[in-house]
Structures are given as C-alpha cells and as structure tokens.
Amino acid sequence: MLQTISPDLLPFISTVINGSLTSGHVPTVFKKARVIPTLKKPALDPSDISNYRPVSLLSFLSKTLARIVCNQLSDYLLQNNLHEPNQSGFKAAHSTETALLAVNEKLHAARSAKLSSVLILLDLSAAFDTVNHKTLLSTLRSLGICGTAWEWFASYLDGRSYQVTWKGLTSAPRRLSTGVPQGSVLGPLLFSLYTHSRGKVISLYGFSYHCYADDTQLIFSFPPSDTTVSARISACLVNISSWMTAHQLKLNPSKTELLDIPGDPTPAQDLAISLNNSMISPSATARNLGVTMDNQLSFSSHVTNVTCSCRFLLYNIRRIRPFLFTQATQVLVQSLVISRLDYCNSLLAGLPQNAILPLQMIQNADPTL
C-alpha cells in the first residue's frame, strides 16, 4: 500500500526527515516503542517470564530516519578511519562469517606454530539495554561528532518510552533512561561505538579479539609448557569485567564459554578460570555466532547438527509435498534447507571429504521423493 501511494507521501516524509536532521531534534512520537513478549522457543514454559524475549517495535518513519542517519554515520566513520578494525557487526563487507573466519584463521595459525590456544566467548546480560547515554554521547564527541549532529543524537536518545502489549492489553508508557533502541538499525552501530575502548583493555594482556555487535571472542595463544595461562586469563577477564562495570554493562560468567585448543598431541592444561566468584571450565564444544566450534577445529559437531536439522526439515517438506506446487517446494527448500547449508560454509574449506560428506548428501537429496 505504501509503495502504491509513495509519490503522494514522499514530499511529506522528506520534509519531516530533513527537518529533523537540520534542527537536531527527533520528534517525540518517533521515540515511542511497543514491546511484545515472545517465547524464545515454542517448547518453553510460558508461565516462566525468563523464557520470553522482548520484541521492540518502532514506527516505520522512525526506522526510516534511523536508517538515513546510520548510513551517514557509517560513511563518516569509514572516511575518517574511525571504525573498530576488529568489529564485524554492521559494517559493509563484514558479517558473522568474516568474524568467524578471522578467529578460525588465528587459531589455525597458532596450531601450525605448535602453540596452544584458548578461545573465550564472552556473554553480556541485556547489553543494549544498559548503555549509559552520557558516556555514549561523550564517545561520539571524542569521534568528532559535534554541533547539530551531536544534538540530534542527544535528542534521539533522550525522552524515549515504551509500552508492553500482552493478550490484547497495553500497559501505561514507561520512560527509558538507558540503552540504545532495539529494533533500529542505528542501535547496534551506536553500541559498537560505545564499546570502542574495550579493545585497549583486552590488548594489554596480549590477547587478540574479534567482535560482532555485543558478541566478543577472545583468543590467547601460548606455548603448551606455559604454566601461567590460567592466571593471565583470570587477570584479563577481571579487568574486562571492571571495564564493563564502569560502562554499566554486565559480564555473565555462567554463559561465558571457553575452548582449550591444544597445539600438539600432549594433553591440554587443566584450565580453571575464576571470575566474579564463578568458575569457567573448558568445554569440548561451544556455539559461536550460530556455528558449533570444537576444541580440535574439526567442525564435526557443527556438521552433525546441520545435517540433523536439514534432514528433519526435508522429512517434513516431503510429507506435505503432494499439496505443494513445484515453485513453493523450491522456495521451502531454499529458505529452510539450503540456507542452513550455505551459512558460514567457508569455515569448512580444507576439511577432508569424508568430514563434509553428510552435508553433500543433504545437498544432493531430492525433496520430492
């Protein structure tokens, strides 16, 4: 409908957006969100509030305005070389796949040099919701954003509110005094700028790192004979946790995962990392940006998981195939099965043929049988 009447609407939309950009003011109506609680998985207990994910819905025009500002801000950061080099989130020519490739290559390079490595996947609790506005605006100013542009961001963050919709009822409006807007393309970019100084803390301890939005992957490579690894990792995590606290972010030790990747056939060290009165123990596998990584870098668990998921989907498509047109079947297979096979498949390059054979069999399967 909007596309049909767009010639009549565009002059008015352009006036509203240009007026906001030139005045440095965001209309109050653009700063209202409607939150709908949604179960994270259908099988979870609906009576447990922790099983719900808040989905924030913003108005169409507010998202259009945010997209325009996001494009201009991204261009400014790119032209002035202000992007965090180890951040792959919401950057042109970057994705979860490029982030995982960067990490995988570092781990393979360390193993080729007969070094052991530790991969730590940090987990933050409600990261986007706790961003301090004053700190964020100060960060933007330090990046050279000033004048009307800075005033626009100050207006964009100030005076935001939300209402919760549940079973046909809507709550009274509540003020949002912290956080960046969820459901907006500008929110994740602002969050990545907010955490810009985190890399300096990590580098102090000789760790390398790579981020995708609020997901942070720490990599530390060392000789297998080094006995100070646990202490160095603990010291680094404590300093990161302190930085998080100073920025009103919370590191979640219970969901932080650690992979100990040996550099030679000798047994790996018994790493026991203490953080905020919690112990982080090495695990054999860890889910990282939708890919299951293992401590041997074989991706065998990932291949198994993808294969099982695709087989289940193909089985269900075959059950309803008699009721589908050929084109509808192709759309289902492409969107549900092929998309899973394609996701981050460059990580599987160099694996032996027998390791990826199950995926090849899924690729060759005929959903019409």
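This is a predicted model: local features need pLDDT of at least 70, side-chain atom pairs count only at pLDDT 80 or more; totals for chains, interfaces and linings use all residues.
Three cavities of 30 Å³ or more are present in the structure. The largest cavity has a volume of about 50 Å³, and its lining is formed by His83, Glu84, Gln87, Gly89, Lys91, Leu189, Ser192, Leu193 and His196. By residue class, this lining comprises two nonpolar, five polar and two charged residues.

The second largest cavity has a volume of about 40 Å³. It is lined by Glu84, Gln87, Ser192, Thr195, His196, Arg198, Gly199, Tyr209 and Cys211. At least two residues of this lining come from each of α7 (198-203) and β7 (208-212). The lining of the second largest cavity likewise divides into two nonpolar, five polar and two charged residues.

Helix α3 consists of 17 residues, 96-112. At 1.5 Å a residue, a helix of this number of residues should span 24 Å, and the end C-alpha atoms of α3 are 24 Å apart, which agrees with the expectation. The buried residues of α3 are Thr96, Ala99, Leu100, Val103, Asn104, Leu107 and Ala110. An α-helix has 3.6 residues a turn, so residues three or four places apart point the same way.

The buried residues of α3 are covered by elements that include the strands β3 (116-122), β7, β8 (215-222), β9 (257-261), β12 (285-288) and β13 (291-294). On the face of α3 turned away from its buried side, the exposed residues Glu105 and Ser112 are found.

Methods. Residues are numbered from 1 along each chain as its sequence is written. Side-chain values use heavy atoms; hydrogens and water are left out. On a 1 Å grid over the protein atoms alone, a cavity is a set of points where a 1.4 Å probe fits but cannot get out, and a pocket is an open set with protein on both sides within 12 Å along at least five of seven lines; lining residues have an atom within 4 Å of a point. Grid points are joined across faces, edges and corners, and a volume is the space filled by probe spheres set on the points. Ala, Val, Leu, Ile, Met, Phe, Trp, Tyr, Cys and Pro count as nonpolar, Asp, Glu, Lys and Arg as charged, and the others, Gly among them, as polar. Helices (H or I, at least four residues) and strands (E, at least two) are DSSP runs, numbered from the N terminus. The expected span of a helix is 1.5 Å times one less than its number of residues. Buried means under 20% relative accessible area, exposed over 50%, partly exposed in between (1.4 Å probe, protein chains only). Contact means heavy atoms within 4.5 Å.
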